[in-house]
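Subject: the model you asked about

Hi,

Here is the structure, with the sequence alongside. Could you open it in your viewer and keep it up while you read the rest?

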Amino acid sequence: AKFVYLFNEGRADMRSLLGGKGANLAEMTNIGLPVPPGMTITTEACREYYRLERKLPDGLEAEVRANLAAVETAVGKKFGDTDNPLLVSVRSGAVFSMPGMMDTILNLGLNEETTQGLAANTNNLRFAYDAYRRFIQMFSDVVLEIPKHSFEHLLTNQKTAQGVAFDQELTPESLRSLIDNYKKLVLKETGRPFPENPLEQLFMAVEAVFRSWNNDRAIIYRNLNKIDHELGTAVNIQSMVFGNMGNDCGTGVAFTRNPSTGERVLYGEYLTNAQGEDVVAGIRTPQPIAKLQAEMPIIFDQFSQTAQTLEKHYRNMQDIEFTIEKGKLYMLQTRNGKRTAQAAIKIAHDMFTEGLIDKKAAILMVEPGQLDQLLHRQIDSSASLSILAKGLPASPGAASGLVVFSADDAERLSKTGQKIMLVRMETTPDDIHGIIAAQGILTSRGGMTSHAAVVARGMGKPCVCGCESIKVDYHKKQFTVDQTIIKEGDHISIDGATGRVILGDVPMKDPELSPEYLAVLGWADELRQLDVRANADTPEDALKAREFGATGIGLTRTEHMFMAQDRLPYVQQMILAETLEERQQALGHLLPMQEGDFYGILKAMDGYPVCIRLLDPPLHEFLPGMEELLIETAVLSTRGDNPPLLAQKEVLLKQVRKLHEFNPMLGHRGCRLGITYPEVYEMQIQAIFNACARLSREGYTVLPEVEIPLTLSKAEMDFFKERIDRIAGEVMKQAGTTFHYTSGTMIELPRAALLADELAESAEFFSFGTNDLTQTCLGFSRDDAEGKFLPHYLDAKILPENPFAVLDRKGVGKLMQLAVEGGRRTRPGMLIGICGEHGGDPSSIEFCHQIGLDFVSCSPYRVPIARLAAAQAAI
Ligand code: ADP
Ligand code: MG
Ligand code: MG
């Protein structure tokens, strides 16, 4: 196999072989942009390396040497040459971008002799020594795995010895002795001298990049982002250009549009006289890119044009890394830029308006899950806030939490259920678990492209960075702003959209949706085939759902209505009733209340279908817990001062004992309740139709769908259908009005799915209750599984995903397919939807589209996500 490609041999669509960085370096090379020449070792070589149990594949070294000769010719320098040495960077580049996850080595090829060559060639000894000491530092960290801080320590000592504050102020002599100290450290740590042979350095570095694919940070990142661990990484070997040779040099990163807001302006940062990671490391706070226009106008123009070329070429917002060497611009990386939901929407909208992309591409450009960010609450602008400080608005959204200063503390405290605000001077990839655990991130150093900012935006977490007016003291576990001291455990809030840091908790409010958002979701509605409904139990939820674009309710649960304070006594009376009369008396109280509930919801959904599920949970859920009652009765009987209350509690306890089940999930619930207590379901049916009659007389259009939960046979459905039709007839006759209604069932049991053709003789619609269907298909109790064994199943890759979050297409999906086929065989065109949690999950929605469902139903806040996901499924 060919393991190595020169940049001019590759293309953007060779991403899976060359990795993202390599494929794009090749593409930029081939469209004529100034890319320092280089080569890419394929991901296939990396996979082969692991197949060989961590050995470089045969022939790889020879191939690299041959391609190196081509690079030498292109650049006019020679690798390892003492007069005119070629230096290279060794850069990892996975198929999916993994920012900051694997380290790059710069200036490789330097040793005692080539360093002298570099000094003579550039006429700059200081620069050459600085390059060498950086190389030793990076190489030792990444390849030799000697902790970074050992080198930082020596560097600090050297600065102290020379009496200066900044690295750039070190003299050549100082750097020389620093290099000697670095080398001594390497010898001491590894027992071997620092490698002098450039080719040996090169292959050690290549291997280290391959190894880094499986370092802890990389594995955590892949787990978090669901990236396949088998893909492997490519390695890019690229001739070096130098941004640190003086004030006509620099390095920077820029987005072609603002990644926070989507505004169409170049957006980024640079540092003059700096190399590589200096910008993202958050060590010096960089200059905004606009300043480059004043400082180096020609370069700025060239860069702006290149940015536009790249945007047109990729038809997407680009995230670009560049370096300026002695007044000449070089492109070092481009990729589709990560962006907030707000920016994603605006960019998709604007690029369509600019004619750069069509509607379908615009829809595909926004990740549905991201919309969540827009729909959540933001700081109420009318609130009076105690503003502590202002930093850079790095990732929008508001968050509050208790201040902690380390990732470990963040993780530990969040596990106790606390909301955490992670405050750091800067973050590094080692802090990733703390960032995951925190509600928001605040840093005192670093720009908009610092590690904290990039990672937070990717996760949709609020972040304020570069907040220089706060002084963080890790040792004392506190930060100060002027005279104010904020200690660990104090409450603060941040507003990632404005950069404000606020003392204490803050009032939040619903977000305002932009015209661009409305337009893009409108396009999604044009393109999708699935209807999107919402799960809503109250008129307020129903209105919220309509506001977010739902065109119906896919699930109204009636049990929540039973839990209300004013109802519970009657519900309990109904459960405790010894006779039918007693039960009917209790139901008599509940009837008008339920009627009111349904009236409100059906009115809010005027003209849209509303699917109402009859009582579902086991009755013991409406009674106090057994333990609680045991304690109460014990206390009351020892005190002996309230015999009537004790008697009452004892009756209750007896009933709770009677209702106790060993496995309530498979117990007396769902339509089993309706079979044993038909009068309960009859009351609910009556309430629904009474509400319908009132509303239709008032001129509303009601479209109720009466839904029976947990059926397993046609006989059950017949039992209820007879009652539904009878009661509907009576109500219409009495009220002298008519309305349209249907009756159907949830599909939650494998038996129901298997016998769907029979069920459909009686049921007019199906709705998949995939929460229960997943439980009953897999034989998992959700609440137990998620806390106990499911994580092990996921770790061991026995299941690819949590089946309660992402629909198990293979198993549960197969049952659904059977039910769709069976149902529509009996009843062509039968209405079928889904109302489990999966109805709001983009991947599950795609599957629902594929098997031809009519609607998905999800929580009101996920309705926009479902609209977009349904459109993407249809494209
Ligand atoms: P990451 O994936 O962490 O961004 P990169 O491989 O992109 O790592 O390297 C980080 C930075 O190192 C680049 O943005 C660039 O500034 C610098 N760099 C990498 N290769 C070169 C090179 N050949 N010449 C000059 N600078 C380089
Ligand atoms: Mg890096
Ligand atoms: Mg990079």
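Below is what I found, going from the whole chain down to single residues.

First, the ground rules. This is a predicted model, in which local features need pLDDT of at least 70 and side-chain atom pairs count only at pLDDT 80 or more, while totals for chains, interfaces and linings use all residues. Residues are numbered from 1 along each chain as its sequence is written, and chains are lettered from A and ligands numbered from 1 in the order in which they are written.

**The whole chain**

The chain has 35 helices and 33 strands; helices here are DSSP runs of H or I with at least four residues, strands are runs of E with at least two, and both are numbered from the N terminus. Its C-alpha atoms fill a box of roughly 105 × 65 × 55 Å along the principal axes. Of the 875 residues, 49% count as buried. Buried means that 20 or more other C-beta atoms lie within 10 Å of the residue's own, exposed means 12 or fewer, and partly exposed is in between, with C-beta atoms placed from the backbone. Among contacts with a separation of 6 or more, 67% join residues 24 or more positions apart; a contact is two C-beta atoms, placed from the backbone, within 7 Å.

**Domains**

The assignment gives domain 1 (4-239), domain 2 (250-336), domain 3 (377-509), domain 4 (528-615 + 673-874) and domain 5 (619-660). These bounds come from an automatic or database domain assignment. The centres of domain 1 and domain 2, taken over C-alpha atoms, are separated by 22 Å. Where these two meet, 13 residues of domain 1 are in contact with 10 residues of domain 2. On the domain 1 side, helix α1 (residues 15-30) supplies the largest share, 4 residues. That side has 7 nonpolar, 4 polar and 2 charged residues. For those classes, Ala, Val, Leu, Ile, Met, Phe, Trp, Tyr, Cys and Pro count as nonpolar, Asp, Glu, Lys and Arg as charged, and the others, Gly among them, as polar.

**Ligand 1**

So where does ligand 1 lie? Both domain 1 (4-239) and domain 2 (250-336) give residues to its shell, so ligand 1 lies between them. There are 17 residues around ligand 1, and Ser89, Arg91, Thr104, Gly276 and Glu321 come nearest (near means a C-beta atom, placed from the backbone, within 6 Å). Two or more shell residues come from each of β5 (88-94), β7 (233-239), β11 (318-325) and β12 (328-336). By class, the shell has 5 nonpolar, 9 polar and 3 charged residues.

**The C-terminal part**

An unreviewed UniProt entry annotates residues 522-873 as "domain: PEP-utilising enzyme C-terminal". Over that stretch the chain is 57% helix and 11% strand, and the end C-alpha atoms are 16 Å apart. UniProt (again an unreviewed entry) also places a "binding site" at Arg557, Arg613, Glu748, Gly769, Thr770, Asn771 and Asp772. UniProt positions use the numbering here, feature names are shortened, and annotations may be inferred rather than shown by experiment.

Arg613 sits in strand β28 (residues 609-613) and counts as buried, with 26 C-beta neighbours inside 10 Å. Leaving aside neighbours within four places in sequence, its contacts include Arg557, Glu707 and Met746. Thr770 is in helix α30 (residues 770-778) and is also buried, with 29 C-beta neighbours inside 10 Å. Not counting residues up to four places away, Thr770 touches Leu807, Val812, Ile834, Gly836 and His838.

In helix α19 (residues 539-547), Asp541, Ala542, Ala545 and Arg546 are buried. Seen down the axis, they fall within an arc of 140°, so they line one face of the helix (the arc is that of the directions from the helix axis to the C-beta atoms). Their cover includes β26 (531-535), β27 (553-557), α22 (580-604) and α35 (863-874). Just after α19, Gly549 takes a positive phi of about 100°.

Asn107 has a positive phi near 65° although it is not a glycine. Asn107 lies in strand β6 (residues 105-108) and is buried, with 27 other C-beta atoms within 10 Å. Asp482, another non-glycine, has a positive phi near 50°. Asp482 is in the loop between β21 (478-481) and β22 (484-487), and it counts as exposed, with 10 C-beta neighbours inside 10 Å.

Cheers
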